[in-house]
Amino acid sequence: HTHTQVLARYPPEKMHDNRALASALTTDASFLAGAHWILQQTLAHPPNDDGARPASAFLYRFEFQARAGCSLVPGAYHPAELAFVFGHPFGLCPFNSAEQRLSDTMQEYWTNFAKTGNVNGGGTAFRWPAYDVAHAHSLVLDVKVSTETAYRQDQINFWHSTPWYRT
């Protein structure tokens, strides 16, 4: 039953290249729905004995795509963001100025989080909203940093209704 629902939501095209479809299905089912499920479970956790709630949670989507000829893998793939977190390109080209700014921004967020438990602080140029179940805020990391709400929420809801995510 579930496999027919999956095929209805992600219909393959006969005699066509279905790599983009396979990528969307895999990304939605594992990375996207999985990250939201973990955040929802964490934030639903009851207060500790001292009444403290779990710390804030922050969700991001890495959307940056390397310049042509600078990456061995096309698109914004998992774990392409690590090169920017560590400030060292893994691809074939050094960072250009826009990529270096993105790397600097990401390093600032990660460093703030390591120091304080909150990604915002210091001189962060763009405020990263905390995740909440009602709005599903996330930060979009690209040359231009932005935020989004409820990205691919229909797909997340579908996957959360399947046996893989039922609790």
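In the predicted model, strand S1 (60-62) and strand S2 (residues 137-141) pair in the parallel sense, the pairing extending over three bridges. Within this arrangement, Arg61 stands opposite Val140 in S2. Helix H4, spanning residues 97-116, packs on the sheet and touches both S1 and S2, with its direction making about 145° with that of S2.

The sheet to which these strands belong is open and is formed by three strands in the order S1-S2-S3, with mixed pairing. Strand S1 and strand S3 (146-149) each have a single partner strand and stand at the edges, so one side of each is left without a neighbour in the sheet. Averaged over the sheet, and with direction ignored, neighbouring strands are turned by 30° against each other.

A further element of the model is the packing between two helices. Two packed helices are described by the angle between their axes and the distance between the axes. For helix H2 (residues 19-43) and helix H5 (residues 153-160), the axes come within 9 Å and cross at roughly 80°. Because angles of 65 to 115 degrees count as roughly perpendicular, H2 is assigned as roughly perpendicular to H5.

On the side of H2, the contact is made by Leu25, Asp28, Ala29, Leu32, Ala33, His36, Trp37 and Gln40, whereas H5 contributes Gln155, Ile156, Trp159 and His160. Grouped by class, the residues in the contact of H2 with H5 comprise seven nonpolar, four polar and one charged.

Methods. Residues numbered from 1 in each chain as written. Predicted model: local features only at pLDDT ≥ 70, side-chain atom pairs only at ≥ 80, totals over all residues. Heavy atoms only, no water. Pairing = 2+ DSSP bridges. Helix = DSSP H or I, 4+ residues; strand = E, 2+ residues; numbered from the N terminus. Axes fitted to C-alpha atoms, helices over the stretch in contact; angles between N-to-C directions. Contact = heavy atoms within 4.5 Å. Parallel < 35°, antiparallel > 145°, perpendicular 65-115°, else oblique. Nonpolar A, V, L, I, M, F, W, Y, C, P; charged D, E, K, R; others polar.
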